[in-house]
Amino acid sequence: MSDLRDLYQEVILDHAKHPRNCRRQQAPSCLAQGNNPLCGDKVRIYLELDGSVIKDISFEGTGCAISTASASLMTESLKGKTLEEANRLFEEFHHLVTSPAEAIAQFPELGKLEVFAGVREFPVRVKCATLAWHTLKAALENKPAVSTE
Amino acid sequence: MNVATNNLAGLNHSSDEMSYDVYRIREDFPALRQGIRGNPLVYLDNAATSQKPQSVIDRILQYYTSENSNVHRGVHFLSELATREFERARSKVQKFINAAEDREIVFVKGTTEAINLVAWTYARRNLKAGDEILISAMEHHSNIVPWQMICSEMGAQLRVAPISDRGEMILEDFARLLSGRTRLVAVTHVSNALGTLNPVKEIVRMSHECGIPVLVDGAQAVPHGKVDVRDLNCDYYAFSGHKVYGPTGIGVLYGKAQLLESMPPYQGGGDMISSVTFEETTYNKIPYKFEAGTPHIAGVIGLGAAIDYLTNTGIDQVAAHEGDLLDYATRALSVIPKLRLIGTAQQKAAVLSFVLEGVHPHDVGTILDQEGIAVRTGHHCAQPVMDRFGIPATVRASLGMYNTREEIDALVTALYKVSEVFQ
């Protein structure tokens with residue numbers, strides 16, 4: 001059960017049950033749809049930009065606890081960040097969930113997102129944790145949709 | 001159970017439990033002996049693929065060790081031996097499903113290829129613009145997509161017969177959809193996502209009254225009970241070796257001889273011809289006309305060994321055991337709070353699809369996996385079925401001949417753990 005508690009940390013369960021910023025935006029600066037065809041997980045990310053600053057970010061979707069919590073926590077950590085900071089967080093988050101434990105670098109900027117460190121022990125769930133982030137990247141690159149498998 | 005006559009597992013399962021020693025049967029399956037993450041493996045993903053008995057593994061080993069040669073070719077000893085064993089396996093399949101003749105058994109990669117074969121030969125030759133193919137709303141993607149592809153090429157329409165909230169075919173609606181334009185009916189015998197056992201014999205009867213041939217997708221039916229293609233009177237029947245305790249990469253298309261003879265070949269190549277010049281090629285007789293290239297010889301012989309294993313164990317005993325287990329599991333799961341079974345047909349094979357309110361199936365799957373329990377989570381290659389029930393995915397526990405009541409108990413205990421984590 002210990003690995004399981006690492007995966008399903010309280011913060012993750014809380015965000016899965018009560019996702020933050022889970023709402024549609026009427027006139028977003030950009031948006032993208034992310035699909036995981038293997039699982040059927042779907043997420044849509046909405047961004048309101050003020051120059052290069054993320055003024056507002058929200059999401060809608062259906063998915064497992066990991067993908068919902070990841071989208072929720074991502075929106076929380078990115079609000080008010082610059083695009084450059086967002087891109088850096090994307091890289092750091094990706095590193096966090098995909099690198100072997102012994103190779104993990106410390107990124108203090110990740111803050112609460114560190115709760116996803118347990119995902120690396122569950123390789124088939126990595127795509128659940130990264131779906132929202134890949135969708136964010138697609139939105140910022142003006143791609144309407146992204147698919148992870 | 002007798003799939004062919006619909007005397008189904010689960011309804012009549014008091015009898016043979018004593019003579020069926022599931023613990024002895026488990027000893028025949030080496031994969032079941034392993035531990036997963038510190039727990040004994042509880043393998044409940046049989047609808048995806050089954051484990052293999054030692055006799056099948058040994059038979060394949062023996063083939064590659066001392067019989068390996070190409071079939072239908074050489075005059076040398078090994079080639080004759082391999083050919084004989086290969087054709088013996090065809091006879092085993094013929095008897096297993098009670099086909100009239102060996103030549104009605106075509107070896108293919110699996111159920112998917114069998115369906116594609118019929119789509120690209122029979123349907124392609126017989127479809128015109130405006131014609132229709134009729135399927136049901138509970139089909140696996142492999143009994144949807146080949147028909148969509150051929151319909152799109154020929155300007156034909158795919159029609160879908162609806163299912164009820166219990167996951168059963170609605171025969172009145174099916175009858176209404178049989179029209180003068182219908183050229184083929186393709187339905188599953190047992191639904192992989194819901195477990196529903198369809199009244200295939202009745203479906204065939206209704207379709208034949210309108211002069212329409214029927215293909216039955218038997219991938220999920222063959223492992224669970226006696227299939228008799230002549231009793232069903234279906235025109236085509238498709239199934240896969242790996243779901244019936246045999247190897248992957250081998251499957252069977254049964255077709256009535258007269259139909260197979262009327263069909264153009266599927267692929268061109270060696271073995272499917274009787275003579276070739278640059279001007280003209282004469283095709284081989286059935287079934288070889290549909291078996292271009294060197295076949296999966298080891299797979300065919302391994303499938304023969306799997307059929308021997310099932311036949312020696314007794315397919316009716318297997319069906320009775322699984323029926324008992326299905327009944328036990330249905331009762332055990334039904335009392336778990338917030339659990340909803342998806343697929344509650346009166347006649348079912350041993351497949352339990354369910355959702356837990358407030359917990360996504362993938363999270364359930366991950367937690368069960370930590371306990372060594374293998375289930376399938378997702379849409380089970382049946383997205384239209386998920387849409388029909390308004391859910392993105394289910395957890396599916398599918399039972400086989402070697403599963404036990406203790407394993408169902410382990411599943412139930414683990415599901416309570418899921419509720420603990422997600423309380």
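A:E48 sits in strand 2 of chain A. This is a predicted model. Chain A is built from 5 helices and 4 strands, and chain B from 14 helices and 17 strands. The contact between the chains draws 14 residues from chain A and 12 residues from chain B.

**Surroundings of A:E48**

- A:E48 counts as partly exposed because it has 17 C-beta neighbours inside 10 Å, while a buried residue would need 20 or more.
- A:P28 lies 20 residues from A:E48 along the chain, yet the C-alpha atoms of the two are separated by 5.1 Å.
- Apart from neighbours within four places in sequence, the contacts of A:E48 are A:Q25, A:P28, A:S29, A:K55 and A:D56.

**Strand pairing in chain A**

- Strand 2 (residues 41-50) of chain A pairs with strand 1 (residues 30-36) of chain A through 7 bridges, in the antiparallel sense.
- In this pairing A:N35 stands opposite A:K42, a residue of strand 2 of chain A.
- The two strands make a hairpin, with 4 residues between them. A:G40 in the turn has a positive phi of about 85 degrees.
- Strand 1 of chain A also runs parallel to strand 4 (residues 145-147) of chain A, and 3 bridges join the two.
- Here A:G34 is the residue that stands opposite A:V146 of strand 4 of chain A.
- In a regular strand, side chains alternate between the two faces of the sheet.

**Chain A as a whole**

- In sequence order, the elements of chain A follow the pattern α-α-β-β-β-α-α-α-β.
- Chain A is as compact as a globular protein of its length, because its radius of gyration of 14 Å is close to the 15 Å that the globule rule gives for 149 residues.
- Taken along the principal axes, the C-alpha atoms of chain A fill a box of roughly 45 × 30 × 25 Å.
- Buried residues account for 41% of the 149 residues of chain A.
- Of the contacts in chain A with a separation of 6 or more, 62% come from residues 24 or more positions apart.

**Chain B as a whole**

- The radius of gyration of chain B is 22 Å, which agrees with the value near 22 Å for a compact globule of 423 residues.
- The C-alpha trace of chain B spans about 75 × 55 × 35 Å along its principal axes.
- Of the 423 residues in chain B, 52% are buried.
- In chain B, 72% of the contacts between residues at least 6 apart in sequence join residues at least 24 apart.

**Nonpolar cores**

- The largest nonpolar core holds 127 residues, and B:A238 and B:V252 touch the most other members.
- Helix 10 (residues 297-313) of chain B gives the most to this core, with 10 residues.
- B:A238 is in contact with B:V252, and beyond its neighbours within four places in sequence its other contacts include B:T111, B:A114, B:I115, B:L215 and B:L253.
- A second, separate core has 40 residues, among them A:A16, A:L47, A:C128 and A:V146.

**Contact between the chains**

- The contact takes 12 residues from chain B and 14 residues from chain A. On the side of chain B, helix 12 (residues 361-370) of chain B gives the most, with 5 residues.
- The residues of chain B that touch chain A comprise 5 nonpolar, 6 polar and 1 charged.

Conventions:
Residues numbered from 1 in each chain as written. Chains lettered and ligands numbered in written order. Predicted model: local features only at pLDDT ≥ 70, side-chain atom pairs only at ≥ 80, totals over all residues. Contact = placed C-beta atoms within 7 Å. Nonpolar A, V, L, I, M, F, W, Y, C, P; charged D, E, K, R; others polar. Rg over C-alpha atoms; globule rule 2.2 N^0.38 Å. Buried ≥ 20, exposed ≤ 12 C-beta atoms within 10 Å, placed from the backbone. Core = buried A, V, L, I, M, F, W, Y, C linked by C-beta atoms within 7 Å. Pairing = 2+ DSSP bridges.
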